[in-house]
Amino acid sequence: MKVKLIHKSGYHSKIENQNGNSIEIDNKSDLSPKGVSPMELLLMGVAGCSSIDIISILKKQKQNFEDLIIDVVGDRENGELPALFKKIHADVRFIGNLDPQKAFRACELSFTKYCSVSKTLEATAEISFSVYVNGEKVS
C-alpha cells in the first residue's frame, strides 16, 4: 500500500493512491478549507472500513437493505498535543427489510473483530456503536 501527497498551497494538499484515486486535505482552522482534515480522514476511515465489513457480512447472510448511513463522531483530548481521539462512536442506520439482530451482529463483528481502522484506533480510543433498523434502535 502506498500513497503520495502533492502540496498545492498553504496547508492544502492532494493525496493519491497507486490507482490514481485522490482526496484533498487542508487545515480545518483555515477560513475556507479546501479539503478534509487528517483527523476527519481517520473518522472517514472508520466509517468506510466498517461499511465494507458490514456489507460483506450481510451479503453472506442474504440480508438486503435499501440504505446504509454511518455517522461517526470522535472526541479528542482537550489541551493535549497530540490531541488523540479518546472516544469514537458510530451510529449505523439501515433502511430496508433485514433482520435487526443480523444487522447488529454484522456491526458488532466489524467494530470488534474485522475493521482494521477501528482495531488500530482502539489502542488510544474507546470505540462504540449503535445500530438502527428502519428508525428503531437494535440492542
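User: In this predicted model, which residues does S110 touch, not counting residues up to four places away in sequence?

Analyst: The place of S110 is in helix α2. Leaving aside residues up to four places away in sequence, the residues that S110 touches are S50, D53, I54 and C115.

User: Is S110 buried or exposed?

Analyst: A residue counts as buried when its relative accessible area is under 20%. The relative accessibility of S110 is 0%, and therefore S110 is buried.

User: Which residues does I54 touch, not counting residues up to four places away in sequence?

Analyst: I54 is one of the residues with the most contacts inside the largest nonpolar core. Residues up to four places away in sequence are not counted here, and the list for I54 is I70, V92, F94, A106, C107 and S110.

User: How many residues does the largest nonpolar core have, and which elements give two or more residues to this core?

Analyst: The largest nonpolar core has 26 residues, and those with the most contacts inside it are I54, V72, F94, C107 and V131. The elements that give two or more residues to this core are α1, β4, β5, α2 and β6.

User: What is the order of the strands in the open sheet of four strands?

Analyst: Strands of a sheet pair through backbone hydrogen bonds, either parallel or antiparallel. In this open sheet the pairing is mixed, and the order is β4-β5-β6-β7.

User: Which strands are the edge strands of that sheet, and by what angle are neighbouring strands turned against each other on average?

Analyst: Each edge strand pairs on one side only, and the two are β4 (67-76) and β7. Direction ignored, neighbouring strands of this sheet are turned against each other on average by 25 degrees.

User: Which residue in β5 is the bridge partner of I70?

Analyst: Strands β4 and β5 (residues 85-95) run antiparallel and are joined by 10 bridges. In β5, the bridge partner of I70 is V92.

User: Across which strands does each of the helices α1 and α2 lie?

Analyst: Helix α1 (residues 38-60) runs at about 145 degrees to β4 and lies across β4 and β5. Helix α2 (residues 100-114) runs at about 160 degrees to β6 (126-133) and lies across β5, β6 and β7.

User: Where does V138 lie, and is V138 buried or exposed?

Analyst: V138 lies in strand β7 (residues 136-138). Not counting residues up to four places away in sequence, V138 touches P100, Q101, F104, V131 and V133. The relative accessible area of V138 is 7%, so V138 is buried.

User: How many aromatic pairs does a search of the whole structure find, and is the pair of F104 and F129 stacked or tilted?

Analyst: The search finds three aromatic pairs. For F104 and F129, the ring centres are 5.5 Å apart and the planes stand at 40 degrees, so the pair is tilted.

User: How many residues apart are F104 and F129?

Analyst: Both F104 and F129 are buried. F104 is in helix α2 and F129 in strand β6, so that the pair links distant parts of the chain, 25 residues apart.

User: What kind of aromatic pair do F111 and F129 form?

Analyst: Both F111 and F129 are buried. Their rings are 5.2 Å apart, centre to centre, with 15 degrees between the planes, and the pair is stacked.

User: Which residues do ring pairs link into a cluster?

Analyst: F111 lies in helix α2 and F129 in strand β6, so this pair ties together parts that are 18 residues apart in sequence. The cluster linked by ring pairs consists of F104, F111 and F129.

User: Which strands stand at the edges of the sheet formed by three strands?

Analyst: Three strands form an open sheet with antiparallel pairing in the order β1-β2-β3. Two of them have a single partner strand each, so one side of each is left without a neighbour in the sheet; these are β1 and β3 (22-25).

User: Which residue in the turn of the hairpin of β1 and β2 has a positive phi?

Analyst: Six bridges join β1 (residues 3-9) to β2 (residues 12-17), and the two strands run antiparallel. The hairpin has two residues between its strands, and the residue with a positive phi, of about 55 degrees, is G10.

Notes: Residues are numbered from 1 along each chain as its sequence is written. This is a predicted model: local features need pLDDT of at least 70, side-chain atom pairs count only at pLDDT 80 or more; totals for chains, interfaces and linings use all residues. Side-chain values use heavy atoms; hydrogens and water are left out. Buried means under 20% relative accessible area, exposed over 50%, partly exposed in between (1.4 Å probe, protein chains only). Contact means heavy atoms within 4.5 Å. Two strands pair if DSSP finds at least two bridges between them. Axes are lines fitted to C-alpha atoms, for helices over the stretch in contact, and angles run from 0 to 180 degrees between N-to-C directions. A nonpolar core is a set of buried Ala, Val, Leu, Ile, Met, Phe, Trp, Tyr and Cys residues joined through side-chain atoms within 4.5 Å. Rings of Phe, Tyr and Trp (its six-membered ring) pair if their centres lie within 6.5 Å; planes under 30 degrees apart count as stacked, over 60 as edge-to-face and the rest as tilted.
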